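This briefing covers one protein chain.

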Amino acid sequence: MGFREINSKMIEATVVPGQRLFSQRGAMLAYKGEVSFTPNVTGGQGGVMSMIGRRVANEDTPLMSVEGSGTVLFGHGGHHVQVINLSGDTLCVEADRLLAFEGTLQQGTMFLGSQGGVMGMVRGQISGQGLFTTTLKGHGAVAVMAHGGVFEVPITPQRPVHVDPQAYVAHHGDVRNKLSTALGWRDMVGRGSGEAFQLELSGNGAVYVQASEEKL
């Protein structure tokens, strides 16, 4: 099926019989054809255990199951929309940034910063971002939302990428993440951006960064 970018804030999805999409609740702008929208409980191929994991992780953003035959226009809140096509790898993205994704992708949950030990815990407390992130794995298209546009930064073994946690949107590939602090504990008071914390991503893949530190 795939997604077609209409402009920077809107995509068009083709819905065909026997296949389904998932979208964030309230993301449908218009549609043509015989298309149904149903509140989704299990959230893609992840099933019930995926749903439970997302609730524990506070990543249970309501989803709609989209089925039928026709086309649907998606957008939400005037946010910038970025389409990412997966070819068997895993995308990590915060649930509230998901606009829509194809049902061929398997959904799960992971702890972002878990490889960074205790510093991973601090991310949600001071930066205001979530500790957990949603994973989408397999072959299919994903549309994510961001503020002010999105830039894709390649990650290579020779060149890790350091990202302000509040500017982080998503990443994919064989990537290891580590959250660290660039300041002492006394200097961190009142600082929630990359001035105090940096998300280091190393390996092979890419990270998507938004042009703003504003949360959705």
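The model is predicted, with a mean pLDDT of 80 over the protein chain. Of its residues, 72% reach a pLDDT of 70 or more.

**Confidence**

**Overall make-up**

- The protein chain contains 13 strands and two helices.
- Of the 216 residues in the protein chain, 48% are buried.
- The protein chain exposes about 10,000 Å², and 51% of this area is supplied by carbon and sulfur atoms.
- When contacts between residues at least 6 apart in sequence are taken, 82% of them join residues at least 24 apart.

- Strand β1 spans residues 3–7 and includes Arg4.
- Strand β2 covers residues 10–15 and pairs with β1 in the antiparallel sense, over four bridges.
- Two residues lie between β1 and β2 in this hairpin.
- Within the pairing, Glu12 of β2 is the bridge partner of Arg4.
- In a regular strand, side chains alternate between the two faces of the sheet.

**Surroundings of Arg4**

- Beyond its neighbours within four places in sequence, Arg4 is in contact with Met10, Ile11 and Glu12.
- Val83 is 79 residues from Arg4 in sequence, while their C-alpha atoms are 8.3 Å apart in space.
- Arg4 counts as partly exposed because its relative accessibility is 47%, a value between the cut-offs of 20% and 50%.

**The salt bridge**

- The structure holds one salt bridge.
- The side chains of Arg4 and Glu12 meet in a salt bridge, with an N to O distance of 3.1 Å.
- This distance of 3.1 Å falls within the 4 Å cut-off for a salt bridge.
- Side chains of opposite charge can pair when their charged atoms come close.
- Glu12 has a relative accessible area of 18% and is therefore buried, the cut-off being under 20%.
- The salt bridge between Arg4 and Glu12 thus joins a partly exposed residue, Arg4, to a buried one, Glu12.

Methods:
Residues numbered from 1 in each chain as written. Heavy atoms only, no water. Buried < 20%, exposed > 50% of the residue type's maximum accessible area, 1.4 Å probe, protein only. Contact = heavy atoms within 4.5 Å. Areas by Shrake-Rupley, 256 points an atom, 1.4 Å probe, with all protein chains shown as cover. pLDDT = per-residue confidence, 0-100. Pairing = 2+ DSSP bridges.
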